[in-house]
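Take me on a tour of this model in the viewer. Tell me what to select at each stop, and what I will find there.

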Amino acid sequence: GMVNTTAIPDDRSLSSQEASLVHWMLEHGRESARMFLPQLDVARVASRCSCGCGSINFAIEGDIPPAGNIGILADFEYRSASGALCGAFVFERHGLLAGLELWSVDGQETPAELPAIDNLRPL
């Protein structure tokens, strides 16, 4: 995932699927997570993971959060279409909504597809 691998610069709006997934995760995440919903409305994708997974990093009104400590706002696991166990979390850095990370829990596959909200289970 993105936290440990190289990011490929990107500059685009979130897809409707990305936006609705992150919105749902923020609504169902940690108590502080909802405070980041207004930032999601002005977020753009700033980079994506080089490994081919679906992880994305955000820019908030043009500001890319500085590297450093990440705060997990919402943390879920799910089964991919092939049945592999994957994880998804939304994180912030320095008070800015920073990204969506998709990762393999069992190492069976690179999670390229976004999970369906119905498949998410809280950790």
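Start with Arg 48, which is partly exposed at a relative accessible area of 36%. This is a predicted model. Show the side chain of Asp 10 as well: Arg 48 and Asp 10 form a salt bridge, 3.2 Å from N to O. Arg 48 belongs to strand β2 and Asp 10 to strand β1, so the pair ties together parts that are 38 residues apart in sequence.

Stay on Asp 10. A salt bridge also joins its side chain to that of Arg 12, at 3.6 Å, N to O. Asp 10 is partly exposed, with a relative accessible area of 22%. Arg 12 is partly exposed too, at 27%. Asp 10, Arg 12, Glu 18 and Arg 48 are linked in a network of salt bridges.

Next, select Asp 11 and Arg 44. Their side chains meet in a salt bridge of 3.0 Å, N to O. Asp 11 lies in β1 and Arg 44 in β2, so this pair ties together parts that are 33 residues apart in sequence. Is Asp 11 buried or exposed? Asp 11 is exposed, with a relative accessible area of 57%. Arg 44 is partly exposed, at 34%. The structure holds 4 salt bridges.

Now switch to cartoon and colour the strands. The sheet is open and has 7 strands, in the order β1-β2-β3-β6-β5-β4-β7, with antiparallel pairing. Which strands stand at the edges? They are β1 (7-13) and β7 (121-122); each has a single partner strand, so one side of each is left without a neighbour in the sheet.

Select β5, residues 85-93. This strand is mostly covered, with 9 of its 9 residues buried. Turn on the side chains. Leu 85, Gly 87, Phe 89, Phe 91 and Arg 93 point one way, while Cys 86, Ala 88, Val 90 and Glu 92 point the other way.

Find Glu 77: its bridge partner in β5 is Gly 87. The hairpin of β4 and β5 has 5 residues between the strands, and Gly 83 there takes a positive phi near 95 degrees.

Then there is β6 (residues 96-104), antiparallel to β5 and joined to it by 8 bridges. Phe 91 has Gly 99 of β6 as its bridge partner. The hairpin of β5 and β6 has 2 residues between the strands, and His 94 in the turn has a positive phi of about 55 degrees.

Follow β6 to β3 (residues 56-60). These two pair in the antiparallel sense over 2 bridges. Ile 56 has Leu 100 of β6 as its bridge partner.

Bring in helix α1, residues 16-27. The helix lies across β1, β2, β3, β4, β5 and β6, and runs at about 80 degrees to β5.

The largest nonpolar core has 26 residues; Met 25, Leu 26, Phe 58, Val 90, Leu 97 and Leu 100 have the most contacts inside it. At least two residues of this core come from each of α1, α2 (37-41), β2, β3, β4, β5 and β6.

Technical notes: Residues numbered from 1 in each chain as written. Predicted model: local features only at pLDDT ≥ 70, side-chain atom pairs only at ≥ 80, totals over all residues. Heavy atoms only, no water. Buried < 20%, exposed > 50% of the residue type's maximum accessible area, 1.4 Å probe, protein only. Helix = DSSP H or I, 4+ residues; strand = E, 2+ residues; numbered from the N terminus. Pairing = 2+ DSSP bridges. Contact = heavy atoms within 4.5 Å. Axes fitted to C-alpha atoms, helices over the stretch in contact; angles between N-to-C directions. Core = buried A, V, L, I, M, F, W, Y, C linked by side-chain atoms within 4.5 Å.
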